[in-house]
Amino acid sequence: MTLSHERGLESPFPLRHYLTLITVVIIAGMNQGLLLPLLTLLLDKTGVSIGVNGLNAAALYIGTFATMFWIEKPVRRFGYKPVLVVGILLVLVVLILFPAFPNFWVWLVLRFMVGVGDSGLHYATQLWIVSRSPADRRGRYISFYGMAYGAGFSLGPLGINLLPYGMWAPFLATMLCAAVSLLFVSRLPNAHPEMGKREQGAQARVTYPVVFRLAWYALLTSFLYGYMESSMNSNFPAYGLRTGISDTWISLLLPVIGIGSLILQLPLGIWSDRWGRKPILMTAGLIGGAAFAAVPFVAQGNLLLMLILFGLAGGLVGSFFTLGLAYAADVVPRSMLPRTNVIASVLFSIGSIAGPNIGGFSMQYFSVHSMFYWLGGAYVLFALLGLRFRPKVP
């Protein structure tokens, strides 16, 4: 059984290969979901301050950001599979080193290397799925990718419960998962990004600014998703403490965003296939932005309503990254997809770095509620910008 052919697609994309990639993404999400809180917890127990701990965690995003400036060439030259294998092997080796060298500076470097490995893995899987999925089902296939990563990321922190068996235990568990994903990938045939003969000559003239001009609206979703995810995870606990929300409610409210994303990810992907990617993104941005902007008005009066707003906002904008990739694949030639994915990943990293800083400083110097005004305003502005975007469909 294979995925349907899209015009110009030279080879089929067997369903079993797609399911293999989805499984690898689930495992990658589990590993990252475990490492982030696990390393923070272990460093905190050694007396490392919260601020310095956060700087250590930022090394992963820096690794992801740095990788995007060179990852396109090895994917084009060697294909998807070798990049996947190298990415998984790199993460596997680094996982062994974490418990062997429990040192702040060593972990800083190791986290950077995890970011490099994960970045290569996700770049290859995203590009492989987007470029080989049929246009009329691209939204749902990339939505499954987002759901797979989200589910894995949510399951990952459960590995912290292995700490009573020793510091090595959670690392061994995640190493086993990485080894399983490597076994799955080893069974895949290799493939390269699509590029016809005429496109090969034109490729040298295609610059990143050209790609961005063609798909700027679709690519903005990556920045917004990174901004939202990092801002909520970093700033909301501080917001909750300053507005009188208990630790219990803080721990309940944050996961609701991810749960909402898991619930609506596939329906939004299917609807985008049926009614168009831009109308769905505009609608999701408008309603999701309004939900974020409404949070300050219920923060201290009705926590249940706040929970509903979080679920609604997270459900609507939680698929922005994957739907944005699908939309970009609709509006650029297939030969440009590798560079399109590079830009998307760079914008995601920039958003991930900008979110906590903009939210944190605005909460400190303006209003404690300003993080939600920024979030709401950004998504509503995105929806309005959709009225000006006129894609030149290839």
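Modeller: Happy to! On a 1 Å grid over the protein atoms alone, a cavity is a set of points where a 1.4 Å probe fits but cannot get out, and lining residues have an atom within 4 Å of a point. Grid points are joined across faces, edges and corners, and a volume is the space filled by probe spheres set on the points. This is a predicted model, where local features need pLDDT of at least 70, side-chain atom pairs count only at pLDDT 80 or more, and totals for chains, interfaces and linings use all residues. Residues are numbered from 1 along each chain as its sequence is written, and side-chain values use heavy atoms, with hydrogens and water left out.

One cavity of 30 Å³ or more is present, and the largest cavity holds about 60 Å³ of space. Its lining is made by V24, I27, A28, N31, G87, I88, V91, D118, L121, A178 and S181. Helix 1 (15-45), helix 4 (80-100), helix 5 (104-132) and helix 7 (168-186) each give two or more residues to that lining; helices here are DSSP runs (H or I, at least four residues), numbered from the N terminus. Helix 1 supplies the largest share, four residues. By type, the lining has seven nonpolar, three polar and one charged residue, where Ala, Val, Leu, Ile, Met, Phe, Trp, Tyr, Cys and Pro count as nonpolar, Asp, Glu, Lys and Arg as charged, and the others, Gly among them, as polar.

Now for the rings. Rings of Phe, Tyr and Trp (its six-membered ring) pair if their centres lie within 6.5 Å; planes under 30 degrees apart count as stacked, over 60 as edge-to-face and the rest as tilted. That rule gives 20 aromatic pairs. In one of them, F320 and F382 have ring centres 5.2 Å apart and planes at 55°, so the pair is tilted. F320 belongs to helix 13 (residues 320-331) and F382 to helix 15 (residues 370-385), so this pair ties together parts 62 residues apart in sequence.

Conventions. 1 Å grid on protein atoms, 1.4 Å probe; cavity = no way out; pocket = protein on both sides within 12 Å on 5 of 7 lines; lining within 4 Å.
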